[in-house]
Structures are given as structure tokens and as C-alpha cells.
Amino acid sequence: MAPEVATPLHSKRVQAWVYAIMNPLIESLGREIRLLGEGNLSWRSYSKRCEYIRPIREYIESSQLPNYEDFLADNLNRGFKERFERHDHQVSEVESTANRSFIGLTDSNEFQKQVKDSLEEYESTARGKPQYPNLSSIGENLPKVVAELLVNRTDLLPSHYMMHKFWQDYRARFEHHRQPPSFQELDVATATLQDSSKNLVSDLEKHRRLLCVTYDIPAAPITIEKSFSADAYLV
Amino acid sequence: MPTSFEGSSRCELLILDTGPIRELVGFHAVDRFGFERLRSDLCFISNPESYRMCTQFVASFRRKTTSASVVAELYRWIRETDPKGQAKLWNRVYEDFQNMGMDEEVVRLVEMDLGLVVTFGPVDVSLLELARRHADHNPVLLTIDSKLYGECKKAGLHVSHLQEVTLMQR
């Protein structure tokens with residue numbers, strides 16, 4: 001009699017968690033960690049949000065949200081719901097601290113004056129120098145633009161952006177405005193989110209490995225070219 | 001160090017076709033914001049050096065413009081990308097247009113030459129019409145479309161292919 005061979009478990013539900021929830025999250029959180037490491041929060045004053053650092057749910061494609069709810073509800077994935085909530089709270093903390101830093105800057109008379117003086121100097125230098133774009137279209141919004149660049153720790157802008165030359169010449173003058181406590185709080189909030197996202201990615205990767213081994217699921221969908229598959233040789 | 005584009009003279013008007021906008025936005029999204037999946041869409045701006053060459057070329061023009069038809073073509077590109085990233089990609093297009101001070105002009109279909117529309121399609125013809133409309137400003141058209149490039153050359157219009165721009169020497 002042939003020995004009994006244990007058949008590996010298979011589960012379409014688990015496969016959906018791996019492909020539609022865990023893989024996109026690992027990818028998006030990886031990008032988030034990179035941006036946070038560079039201090040590039042992608043924070044925008046018009047939305048008061050970080051454009052590319054988002055709550056966990058927003059990293060999931062909307063058609064896959066039922067699988068997301070299923071992932072959170074199942075005991076196999078215990079602990080992740082609380083981890084995701086903590087992540088989202090930390091994102092919100094970064095956004096509100098960024099907003100406070102931004103408001104602190106744009107409300108400061110000293111900052112406003114420095115922007116105004118720098119613009120006057122820029123315009124005077126720009127006379128007769130075609131490589132200095134005219135910034136009149138930015139006009140009164142310049143303090144907001146500069147404050148946003150400081151919040152996002154922007155070092156250099158691409159050469160074809162209107163603000164490129166201004167920022168190249170005057171960025172160093174504005175650096176000391178990153179000293180106030182609100183900016184220190186922002187740095188702390190950023191570092192906290194980055195650490196927590198790193199741990200979350202690591203735990204998601206471990207959990208994915210466990211599920212893949214237990215349920216005999218490839219970690220990513222595999223597509224085999226028809227011509228290279230065994231089917232091509234079957235008549 | 002000043003490059004060949006940052007000399008004393010600055011050209012007046014650059015007209016951008018869809019391809020160069022797609023490459024500029026795409027590379028920035030990959031390099032600065034980590035949208036790695038867009039990397040395979042990039043044909044001419046594939047590394048920081050080619051991006052630098054292209055942005056300096058674009059920066060050497062006082063004004064940049066494109067046609068509304070090009071924006072429609074950008075939509076066609078974006079809707080074929082990963083649905084999850086489409087909003088982010090539109091966000092990149094908005095921010096790049098805003099940051100480079102891009103103008104956008106409408107060229108009505110009925111203003112276009114029917115024969116040219118049949119041969120080149122309305123997007124290319126809208127760009128040719130913009131070049132004609134702004135002839136006083138000595139415009140340069142930037143494209144990756146060899147057919148449009150050849151037609152511009154034949155018509156005596158100033159045209160640059162993105163490949164030429166990214167291969168230019170410092």
C-alpha cells in the first residue's frame with residue numbers, strides 16, 4: 001500500500017489576501033519608507049495631506065476592499081487591524097504637524113519679509129538674464145510655495161520648473177526657518193511613522209511567507225507563456 | 001556649471017507633444033516618488049542624465065505650451081496604466097503642468113486642414129496649427145513622433161526629437 005501523502009491546503013481566500021492586499025501594501029509601504037527617509041512628505045497645502053503617503057485602506061484597489069475586510073476579520077491575520085490603525089494615526093499625525101509647521105511659517109512676518117526681499121533680489125538679478133524665469137504668475141502665493149518646499153525638505157527642483165532658479169539661489173537662506181519646535185515635532189512624527197512602517201513591512205513579509213508555505217501559494221501570480229508551457233506539447 | 005542650454009540667449013516658445021510630456025512626468029514619478037511600474041513605459045528618458053538634459057532643454061524656453069488634444073492623449077495613456085495609480089499619475093501631470101507654467105490651447109477641429117487630419121490625425125495637426133499660430137515667436141516643437149518630425153522638417157518648422165535632446169553634449 002502506498003504511503004499517505006499530506007495534500008497541501010489550498011485557499012482562494014488566502015490567495016486573494018496575498019495578491020490583492022499584502023503585495024500592494026508591501027509595495028506601497030516600501031515607497032512610503034523611501035519618501036519618509038528623504039524627508040519628502042509629498043505634503044500639499046491645498047489638500048493638507050501627503051499625496052503619496054496614505055492611510056492603509058487607500059493603498060488597496062477599491063474593487064478589492066471586500067477582500068481587505070475579509071483579511072482584517074479573519075483570525076489568521078490577528079493583530080494587523082490594530083497595526084493598520086496605528087499606521088493611519090501616525091500618517092494623520094505627520095499631516096497635522098506638517099500643517100502646523102506650514103501655518104507657523106506663513107503667519108510669520110519675518111518669513112514673509114524674507115520671501116519678499118528674496119523675490120525683489122531675484123527680480124533685480126533676473127533683469128537681462130533670460131535663465132531667470134518670471135515668477136509673476138506665482139505672485140502672492142510665493143510664501144506658501146516656499147513654506148511647502150521647506151515642509152517637504154526639497155533640495156532641488158527640476159530645471160524646467162519655474163521655481164528652479166529661485167530655489168537654487170535662495171534655499172539656503174530659508175533653512176533656518178526649519179528650527180522652530182513645530183518642525184522638530186514634524187521630524188519626530190516622520191521618524192516614528194518611518195520606523196513603524198518598516199516594522200509593518202517586515203511583519204507583512206513574514207506573514208506572507210507563512211501563508212504561502214501553509215497554503216502552497218506562489219508569492220505573486222505566475223504567468224507562463226503558452227509556448228513554453230507543457231500544454232504546448234499536448235496534442 | 002552652466003550647460004549649453006543655459007547660455008545668454010533663451011528661446012521663446014516650446015510646443016510639447018504627448019510623448020515628451022509622458023516621459024518627463026513618468027521619469028519624475030519613478031525617480032522622485034518611486035512609481036517603479038512606470039519605468040517600463042520610458043523610452044528616451046531612462047536615467048537621471050537624460051532627464052537632466054531634457055529638463056534643461058525645456059527650461060531654455062521662456063514659454064511652454066501644448067494643445068488640449070495632447071491632454072486627451074495623456075488621458076488615453078493614463079487610463080491604460082494600473083487603475084490603482086491613475087489618480088496619483090494625474091496628480092503628477094497637474095503638478096508638472098503647474099510647476100513648468102505650461103499653457104494649453106484649444107485648436108478646433110474645423111480649423112484644421114482636412115487632408116492633414118486624414119494623414120496625421122487631429123493631435124499632430126493641432127500641434128502644427130499651434131506652430132503656425134505662434135510663428136512670430138519662432139516656436140520649436142518637441143516630439144518623439146518620427147512622422148510628425150519629418151513633416152515639420154519638410155514644412156520648414158523648427159522641430160526637435162526627444163532623442164536628439166537627451167543625447168546632446170554638455
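Visitor: Which residues touch the most other members in the largest nonpolar core?
Guide: This is a predicted model, to begin with. In the largest nonpolar core, which has 45 residues, L14(B), I15(B), C54(B), V58(B) and L141(B) touch the most other members.

Visitor: What does C54(B) touch, leaving out residues up to four places away in sequence?
Guide: C54(B) touches L24(B), I45(B), L162(B), V165(B) and T166(B).

Visitor: And what other core lies apart from the largest one?
Guide: Another core of 21 residues lies apart from it, with Y52(A), L119(A), V151(A) and F183(A) among its residues.

Visitor: Changing topic. How many residues does each chain put into the contact between A and B?
Guide: Chain B gives 18 residues and chain A gives 18 residues.

Visitor: On the side of chain B, which helix gives the most?
Guide: That is α2(B), with 4 residues. Helices α1, α2 and α4 of chain B each supply at least two residues of that side.

Visitor: How does that side divide by class?
Guide: The side of chain B that touches chain A has 9 polar, 5 nonpolar and 4 charged residues.

Visitor: Now helices in chain A. At what angle do α1 and α7 pack?
Guide: Helix α1 (residues 12-37) and helix α7 (residues 181-215) of chain A pack at about 155°, and their axes are 9 Å apart. The cut-off for roughly antiparallel is over 145 degrees, so α1(A) is roughly antiparallel to α7(A).

Visitor: Is that crossing left-handed or right-handed?
Guide: α1(A) passes α7(A) in a left-handed crossing. The residues of this contact are 16 nonpolar, 5 polar and 4 charged.

Visitor: What about α4 and α6 of chain A, where do their axes come and at what angle do they cross?
Guide: The axes of α4 (residues 109-126) and α6 (residues 164-174) of chain A come within 11 Å and cross at roughly 145°. The crossing of α4(A) and α6(A) is right-handed.

Visitor: Which residues make the contact there?
Guide: From α4(A) there are Q114(A), S118(A) and Y122(A). From α6(A) there are F166(A), D169(A), Y170(A), R173(A) and F174(A). By class, the contact of α4(A) with α6(A) has 4 nonpolar, 2 polar and 2 charged residues.

Key: Residues are numbered from 1 along each chain as its sequence is written. Chains are lettered from A and ligands numbered from 1 in the order in which they are written. This is a predicted model: local features need pLDDT of at least 70, side-chain atom pairs count only at pLDDT 80 or more; totals for chains, interfaces and linings use all residues. A nonpolar core is a set of buried Ala, Val, Leu, Ile, Met, Phe, Trp, Tyr and Cys residues joined through C-beta atoms within 7 Å. A residue is buried if 20 or more other C-beta atoms lie within 10 Å of its own, exposed if 12 or fewer, and partly exposed in between; C-beta atoms are placed from the backbone. Two residues are in contact if their C-beta atoms, placed from the backbone, lie within 7 Å. Ala, Val, Leu, Ile, Met, Phe, Trp, Tyr, Cys and Pro count as nonpolar, Asp, Glu, Lys and Arg as charged, and the others, Gly among them, as polar. Axes are lines fitted to C-alpha atoms, for helices over the stretch in contact, and angles run from 0 to 180 degrees between N-to-C directions. Angles under 35 degrees count as roughly parallel, over 145 as roughly antiparallel, 65 to 115 as roughly perpendicular and the rest as oblique. A crossing is left-handed if the near helix is turned anticlockwise from the far one by less than a right angle, and right-handed if clockwise.
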